[in-house]
Structures are given as structure tokens and as C-alpha cells.
Amino acid sequence: MIPSYIPYLDLQPHNKRFAQQDLKTFKEIHATGKLIGGEWVNKFENAYASYCGASHCIGTANGLDALTIILKAEVALGNLPEKAKIVVPAHTYIATFLSILHAGMQPVPVDVEELTLTAQVLRQVDQSYDAIIAVDIYGKLVDDEVYAYAREKSIPIYCDTAQSHGAVNDRGVKSGNLARASAFSFYPTKNLGALGDAGAITTSDEDLAITCRSIANYGRSSRFVNDLVGINSRLDPLQAGFLINRLPQLDTDNQRRVEIAKFYIKHLQNNKVRLPSEHFIKNNVVHVFPVYVGDRKLFVDHLDQEGIGTSVHYEVPPHQQKALKQWNHLRFPVTEKLHCTEVSLPCHPLMTLEHLQKVVQAVNAY
Ligand SMILES: Cc1ncc(COP(=O)(O)O)c(C=O)c1O
């Protein structure tokens, strides 16, 4: 049966699939009395490191902290200067910028070419910088050529993988194993989402892993010894347990998201609605399926009347936010156009063919 309204995303049926397992997990953790760290966190970290193909995974409280901790750890290790200049794509969520500021560093925002950072964009940066944070926006992996460029120039590159859990490149390398270190968010709406805030860092560099783990836990090297100025940003055992329950489903869910995107690209036909290019599907787990329209309000209202919920990623780019005044004068035409015209269509694993047909019909009738 087709529901009268298809919400942009409804987490209730999504999480219902794991309800039995989650209750069992809750009871088990409740019974252990071990409510910070411990075997559930270790078990998830090992499972997720192995899933990504990285040597280490360090659980954190959220994705923003994961990014910030990586940068702070690199300073502690002497791999980045204290006020490092970090190239960051303008087309991202504000968290990427904030992590740089929270680490006491300076964002060097650059425009994107179509959606993500490219080697061409990096070649045009006209000032010196110390490192790059790439962002797998909407679930699409940043092109291999960006990593090749960073390697060639010996510039450390980190990745904001908050939206790309499980994405694989052409060489079979997964998100979380492409950059020197990657930062995941398990915010509930993500492709791998917890039942609250959660995040993780993956890396195959042992020193970086040890330092990140220490910074996430008050800068401790052992119980009463604090070598670094750390923070409290630990993955909660309950969230770790819920994530363990969801990890085996991730690939199937991601596959379904890609099928949905392919369906949209094949069937959406409306001159007033620009679709992402064919290239969009490549190396992508489609966290977000974007379309672009001239009059966003009119389009969103039309879909709403047709019983289709939508979202926007995002309305205002970080460099135009009041909180980031220092960058307000900068202009990034590609990013600004994306942010003015983007509408996200429903794209989640539980959508049926009938749901998709209803969305297509409504978009094509606009
Ligand atoms: C691209 C990007 N980076 C970073 C974050 C921050 O993650 P969190 O909300 O878990 O701190 C998010 C999620 O909101 C995100 O989408």
C-alpha cells in the first residue's frame, strides 16, 4: 500500500528492524554495569576498523569531535603546526569548518568543481597550506586523483567521511581507508546511524591512533597520567552495541540507496529539474539524492502537496553563516549555486517501487 505521505526520512521503521536485537543489547549492557568503554566499544571498534580495511578505529562522541581530535593529534605528534592552514571544500556541512577552528587552526575554503574537491581545484589554490580535509559529500567518495595529488605534494590529507560509510572506490578501497585518517558520524540519519550521537576515527597509522585515543579520553596515557590537553569524547557502549547490530545491514542498505538513485536518474524527466550527472552514482552510497531547481520553494511546496517530503543539504554554505563572519566576503560560485537550488528527494533503503513511482510522478508533473 502506498502511504498518503512519503516523508523525506522516517527513522521509526528503519530502526524497528533492529528493535529485538537492540533490547537484548540494552539488557546485556545494563547487566554488566560497565557503562563507559569496555568490551562493547572494543567490539564495535574492531568490527568497524575491519569493515573499513583500516588498522584502527577509535570511537568518539560524534563526528565533529572525530575531525577535531585528528587535527589536535597531528599537532601533538608534530605533523601539523599549531595554527595550520587547512584546505576545506566550501560545499560541506559547517562541522568540517568548525573542527578546524576548534583545533585552533585556519580554514582555507575552496570551491568545488561539480560536487566535491578535485585535483584541478587544488592546483588552483593560490596560497600555501599545511593539510587538506576532503569531504565525501552526499556519500560520494572524493576522487582518487585528489589523494594522488596530496601524495605527490606530500601534503597530509584527512577525510570527512560523515556521509560515506561503506562507499568503495574503483580499486576496492573503502571509505575510512583512503585518507591518513577519516572521521565518521553515526548521527541517527546517517547510512550507519546510532540511536543518538556517536562517531569514530579510522586510521592505519598506529601513533596517530594512540594519540587520537588519548585526546578523546582527557589526554590520558594511563589512569592517572595525562600527557596531552584532551577532551571527553568517548563512544558510549550502548551506542556501540546498537551500531554492532546495524553494521551487517549496511552494505544491503547502501545497495538499495544506489538502486533508488539509478531509478530516479532513469525516470525523472522534467526540464525544470536538473539531476546530478551519471558520474554521481560512481563510488557513492547516496546518503543524499540531490536535484536542482530554479524556484526551490515552489518545487518543495508542489511535492508537499503531492505527498512527498523533501529536505535541503544545505540552504546556507558555511562561509556565508553569521558564525563564520571572517569568511563572509569570499565567493564560491559553484557551491553557492548548489546551496541556492538543491532539494534532497527521499532516498532510504525501505522505499518500495510504489514509493519511487509516486516520487517520480510528482517530480515529473512539476
Ligand atoms: C559532512 C559532515 N561532517 C561532519 C558532520 C558532523 O557529525 P556529527 O553531527 O556527528 O558531529 C556531519 C553530520 O552532521 C556531516 O554531515
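**Ground rules.** I worked from a predicted model, where local features need pLDDT of at least 70, side-chain atom pairs count only at pLDDT 80 or more, and totals for chains, interfaces and linings use all residues. Residues are numbered from 1 along each chain as its sequence is written, and side-chain values use heavy atoms, with hydrogens and water left out.

**Domains.** I began with how the protein chain is divided, and found domain 1 (13-248) and domain 2 (249-364); these bounds come from an automatic or database domain assignment. Their C-alpha centres lie 24 Å apart. Domain 1 gives 42 residues to the contact and domain 2 gives 36, where contact means heavy atoms within 4.5 Å.

**Buried area.** I then looked up the area that the two domains bury between them, which is about 3300 Å², with 58% of it on carbon and sulfur atoms. Buried area here is the accessible area (1.4 Å probe) that two parts lose on being put together, summed over both. In domain 1, the residues losing the most area to domain 2 are Y138, K140 and N191, together 23% of what that side buries.

**Across the domain boundary.** I found two salt bridges between domain 1 and domain 2, a salt bridge being a side-chain nitrogen of Lys or Arg within 4 Å of a carboxyl oxygen of Asp or Glu. There are also 26 residue pairs in polar contact between the domains, both residues at pLDDT 80 or more. A polar contact is a pair of N or O atoms within 3.5 Å; within protein, one must be able to donate a hydrogen and the other to accept it, and residues adjacent in sequence count only if both atoms are side-chain atoms. On the side of domain 1 that touches domain 2, the elements giving two or more residues are α1 (11-16), α5 (94-102) and β3 (106-110). The largest share, four residues, comes from α5. Helices (H or I, at least four residues) and strands (E, at least two) are DSSP runs, numbered from the N terminus.

**Ligand site.** Which residues are around the ligand? I listed N62, G63, L64, Y93, A95, D160, A162, Q163, S185, K190 and Y314, taking a residue as near if one of its heavy atoms lies within 4 Å. A polar side-chain atom of D160 lies 2.7 Å from a ligand nitrogen. Polar side-chain atoms of S185 and K190 lie by ligand oxygens, S185 at 2.7 Å and K190 at 3.1 Å.

**Salt bridges.** I counted 11 in the structure. In one of them, E74 pairs with R180, the closest N and O atoms being 2.5 Å apart. This pair links distant parts of the chain, 106 residues apart: E74 is in helix α4 (residues 63-76), and R180 is in the loop between β5 (157-160) and β6 (181-185). The side chains of K282 and D170 also meet in a salt bridge, at 3.2 Å, N to O.

Most residues other than glycine have a negative phi, and most peptide bonds are trans. Y138 has a positive phi of about 65 degrees and lies in the loop between β4 (131-135) and α7 (144-152). The peptide bond from H313 to Y314 is cis, with omega near 5 degrees. I placed Y314 in the loop between α11 (296-305) and α12 (333-341).
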